[in-house]
Amino acid sequence: MAPPTAAAAHCQDLHGRELPHVAVFPLMAKGHTIPLLDLACLLRRRGLAAVTLLTTPGNAAFARAALLAGGVGAGGDAAVVELPFPAGHAPAGGESAEGVASASSFAAFAEATSPLRPRFEDALEAMRPPAGLLVADGFLYWAHASAAALGVPSVSFLGTSAFAHVVRDACVRDKPGASAQGHDDASTTGGTYTVPEFPDLRFSLADLVPPPPPPLMELDAKMAVAVAASHGVIMNTFHDLEGRYIEHWNRQIGPRAWPIGPQLCLARQSTSDAHASRPPWMLWLDEKAAAGRTVLYISLGTLAVIPEVQLKQVADGLERAGVDFLWAVRPNNADLGMGFEERVEGRGNVVREWVDQRDILGHSCVRGFLSHCGWNSVLESVAAGGTRC
């Protein structure tokens, strides 16, 4: 099979100088893909680099649509290279992590991307002009090793908070709770763990012990090695929110981090500019705004696994509260209770497909957000609030 090739479009700036060529390789999960699509839009719209994005055929249509919505897909502003899985090697739940059902399943999905390695290497080597930098998700640890072998410098994309990465590093180092196995642990007293560098950060050992499942721990270790060997990290955060953790990372952990979170959230234009193409839930929000109503938006994440009994409790609370609400439900076949959707018809809208959350959060009638506090949701809500100030 011939290697897929990509000739990055618009490789020169307005003065005729050749632009750097950046290859972008996101993990096949929307929460990881969207920020890197935003980065591609940011690089192209500011004329900073030519961009080639790599993904699988099952995710390519979403990527192309997002780039087009960001104003960089038309006319070949950003190339998309498809990397098909070898026959019989696609992840069990499909080509997107949204099909996983647990933390262990997520680790299995991430590991199942490694059969793409030969085709990824062929594609990276065949790029014209040659790629001068690879930006790849930290979970695609093997892609960083491939880039190094081909002489292409890489930076790791870390999609969660700097706080999470700093605390993770401290836990790996200090092994809180190890005293229960006969080891001294000065940072652990009274059933709590205190991060030595941040005395105000105290965690119950019940929240930290036992550790994550072994497959997730093994993946984390591989990811840590890849991140440490890369030329830097791009963090989806910003200094005013997490300055002390970013500074600690740069001083004590490394490699150097560049926090560019809100710029990513604001880089891509709305996907609902044209009224004719607005999805039904956005038209529903328009109607609520016209009626002077405010809406609560509910989304509990695309990867978080919420037990059905808890979803039913949320549904019961919404029914009792009497508020207007838009609820993006996952999984799409979740049982919210017999007759729930019929009883809340008119004031409640349950959507059982993927939605563009930023469009919803940016709508004038959305005045509350019930969230699982996933990091993308935190940043997108901050960005949406900022655009209204």
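## Helix α5 and what follows

Helices here are DSSP runs of H or I with at least four residues, strands are runs of E with at least two, and both are numbered from the N terminus. Helix α5 itself covers residues 141-149, and its buried members are Y141, W142, A143, H144, S146 and A147. Buried means under 20% relative accessible area, exposed means over 50%, and partly exposed lies in between (1.4 Å probe, protein chains only).

A word on the model: it is predicted, so local features need pLDDT of at least 70 and side-chain atom pairs count only at pLDDT 80 or more, while totals for chains, interfaces and linings use all residues. Residues are numbered from 1 along each chain as its sequence is written, and side-chain values use heavy atoms, leaving out hydrogens and water.

R117 sits in helix α4 (residues 117-126). Because its relative accessibility is 31%, R117 counts as partly exposed. Which residues does R117 touch, not counting those up to four places away in sequence? They are W142, A145 and S146, where contact means heavy atoms within 4.5 Å. R117 and A145 are 28 residues apart in sequence, and their C-alpha atoms are 9.9 Å apart in space.

## A three-stranded sheet

Next comes an open sheet of three strands in the order β6-β7-β8, with antiparallel pairing. β6 (188-189) and β8 (202-204) stand at the edges with a single partner strand each, so one side of each has no neighbour in the sheet. Two strands pair if DSSP finds at least two bridges between them; β7 (residues 192-194) and β8 have three, in the antiparallel sense. Y193 stands opposite F203 in β8.

Helix α6 (residues 162-174) lies across β7 and β8, at about 110 degrees to β7. Such angles run from 0 to 180 degrees between N-to-C directions, with axes fitted to C-alpha atoms, for helices over the stretch in contact.

## A cavity and its lining

The second largest cavity has a volume of about 40 Å³. On a 1 Å grid over the protein atoms alone, a cavity is a set of points where a 1.4 Å probe fits but cannot get out, and lining residues have an atom within 4 Å of a point. The lining includes L300, W327 and R330.

## The whole chain

The protein chain has 15 helices and 14 strands. Buried residues make up 47% of its 389 residues.

Notes
On a 1 Å grid over the protein atoms alone, a cavity is a set of points where a 1.4 Å probe fits but cannot get out, and a pocket is an open set with protein on both sides within 12 Å along at least five of seven lines; lining residues have an atom within 4 Å of a point. Grid points are joined across faces, edges and corners, and a volume is the space filled by probe spheres set on the points.
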